Amino acid sequence: MITSKSLPDKIFDWVISIVLLLLGLSTLLPLINTLAVSLSSKAAVSGGMVTLLPVGFNLSAYTYIMQDSRFWRAFMVSVERVVLGGLLNFVLAVLTAFPLSRETKDFPLRNVLMWLFVFGMVLNVGLVPWFLTINLYNLIDTIWALVLPTALPIWNVVILMNYFRGIPKELDEAARIDGANPWQVLWHIYVPTSLPALATITLFSIVGHWNSFFDGLILMNNPDNYPLQTYIQQLVIAERSILNSGQAQLLSKLSNNTLNAAKLFIAMLPILMVYPLLQQYFIRGITLGAVKE
Amino acid sequence: MFKKSDSAWYTLMVLPGFILLVAFTFVPLVYSVIAFQKFNPALGIQGSPWVGLDNFAMLFRIPDARVVFTNTLFIASMKIILLEVVAIIFALLLNDLRFIPLKKAVQTMVYLTHFLSWVILAGILRSILARGGLVNDFLAIFSIKPIYFLGNPDVFPWVLIGSEVWKEFGFEAIVYLAALTAINPNLYEAAEMDGAGRFQKMWYVSIPGIAPTIVLMISLGIGSVLNAGFDQIFNLYSPIVYTTGDIIDTYVYRVGLTQGLYSLGTAVGLLKTVVSLILIGISYLAANKLANYRIF
């Protein structure tokens, strides 16, 4: 029987604390296990002895990867696509969102364009014609195949457009009276006042570019052009070996699991590094999407 | 104050985006006419013979199509339902947690998986779900026999559903946490005065308070019941589990690109495009009517 009011309350507190902690750990432990495996000896890993701490600590997987030119080539392709793709996403989101945030009386085409863009956003175009189109443009095996098809982030355009609409019109009008043209209004007023929103959408497009693997797989015929996620996908998931004989010899000293875990961990690292920033911004990013009335 | 020169500026600014929209969305849409052809890349659209609805007729004859369609619907709808249930429970519990450092720590842990790619997570899952992997080792403590998570067709769809929930529940909970903070604290006080306990406060105050958000998320989910999660399944499945794990998108990839049956792949894709568009229309209307949702 309940004797004091606070006792069941305390138990309840403990129960939810434990449940939440377990839920949190369920997402964290597999990642820690990967790190531990990557730092363990071959024998310990094949014996299934590694859980959360490295057994037979050594860095040989990482020294191996340091010398693996294919891994770093793929890494650099990813860096290139993140920089180029992120930049394109940023510029196009700003350039497209600004005219769409205007009133129809100032920009008569606004409504027609808005519907076309939204239609384009919800239209789930088929994989085969999408591939054939990119093939038609001769983009296969170039970095442009990885950045141009996704250069226009329509959802970000919508978010940014809603944000621009929330900026007081007085700022705009004052600049116009001083003789500024729309281009100057955009870069001197709208862009500086929307920096938090711009940072959020840019961060999201960077993560998107880093994580994308499928376009690399189908749009790159030459494995040398694979971005990192595609390279890892082929190696770890499809278990397709793209090694030369020298590497194969080195590999015999390492456990495949250890090496894979190290590769997965290095591929995760950039995300872990921007994660504090992401966490700071993404809640804002989600509420940005809402229309305030 | 309408100025003609302003309008010209705006048109110029929107032009690059519009060109990309045409080049990578509308041109592929036009290219979809090869669904009505026996497309041969060497001949192109102009040279390939037209076959009317043959590809679609074939689609309805092959047994694969039905399997793939039902798998997609099952996996996608179970994902939507279970993801929302777990996210709601998680948000309710987290909202009730008074120990702030733990709250922050848990939040930091659960959002991370959302930002990791399915390539990486599948790599991790393949290792921990393997025969001698972490999960089977753990189950062995309770003398449960090893489960072939990725090789048993009966288990595989649940691995997909479970791992999707695992990856996304934290992030999905953010909208519910935001809705919970918007509930007027007076309502909780009033409930307390009436003698409500913590469960009762959740049931009679919190849940009704986030009901519009629940309705919204479910409505928006309707639009994605044909997207069962290509990236995830592509990185976890294998021919042994095609019977229960193959979905429209993976099927289109194999048939259309790997086997080079361009027209058949396009036909499947086009059907999906059309049905998806209708579903998204319905989901948006529902979200708009039931939860006053608008995107612009």
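1. A salt bridge here is a side-chain nitrogen of Lys or Arg within 4 Å of a carboxyl oxygen of Asp or Glu. A:Arg176 forms one with B:Asp6. Their closest N and O atoms are 2.2 Å apart. The count between chain A and chain B is two salt bridges.

2. A word on the basis. This is a predicted model, in which local features need pLDDT of at least 70 and side-chain atom pairs count only at pLDDT 80 or more, while totals for chains, interfaces and linings use all residues. Residues are numbered from 1 along each chain as its sequence is written, chains are lettered from A and ligands numbered from 1 in the order in which they are written, and side-chain values use heavy atoms, with hydrogens and water left out.

3. How many residues of chain A are in contact with chain B? The number is 98, and they meet 83 residues of chain B. Contact means heavy atoms within 4.5 Å. The two chains bury about 8,200 Å² between them. Of that area, 77% is on carbon and sulfur atoms. Buried area is the accessible area (1.4 Å probe) that two parts lose on being put together, summed over both.

4. Polar contacts also link the chains. Between chain A and chain B, 12 residue pairs are in polar contact, both residues at pLDDT 80 or more. Such a contact is a pair of N or O atoms within 3.5 Å; within protein, one must be able to donate a hydrogen and the other to accept it, and residues adjacent in sequence count only if both atoms are side-chain atoms. Helix α1 (residues 6-38) of chain A gives the most to the side of chain A that touches chain B, with 18 residues. Helices (H or I, at least four residues) are DSSP runs, numbered from the N terminus, as are strands (E, at least two). By class, that side of chain A has 70 nonpolar, 19 polar and nine charged residues. Ala, Val, Leu, Ile, Met, Phe, Trp, Tyr, Cys and Pro count as nonpolar, Asp, Glu, Lys and Arg as charged, and the others, Gly among them, as polar.

5. Now chain A on its own. It is divided into domain 1 (6-58) and domain 2 (62-288). The bounds come from an automatic or database domain assignment. The domain centres, taken over C-alpha atoms, are 32 Å apart. Nine residues of domain 1 of chain A are in contact with 12 residues of domain 2 of chain A. The two domains bury about 830 Å² between them, 73% of it on carbon and sulfur atoms. A:Thr34, A:Ser38 and A:Lys42 supply 51% of the area that domain 1 buries against domain 2, more than any other three residues.

6. What about salt bridges between these domains of chain A? The rule finds zero. It finds one residue pair in polar contact across the interface of domain 1 and domain 2, both residues at pLDDT 80 or more.

7. In chain B, look at B:Lys167 in helix α8 (residues 156-181). Buried or exposed? B:Lys167 counts as buried, at 5% relative accessibility. Buried means under 20% relative accessible area, exposed over 50%, partly exposed in between (1.4 Å probe, protein chains only). The side chain of B:Lys167 reaches the backbone oxygen of B:His114 at 3.3 Å. Leaving aside neighbours within four places in sequence, the contacts of B:Lys167 include B:Trp118 and B:Leu121.

8. B:Leu216 lies in helix α10 (residues 198-222) of chain B. B:Leu216 is buried too, with a relative accessible area of 16%. Beyond neighbours within four places in sequence, B:Leu216 is in contact with B:Ala287, B:Ala291 and B:Tyr293.
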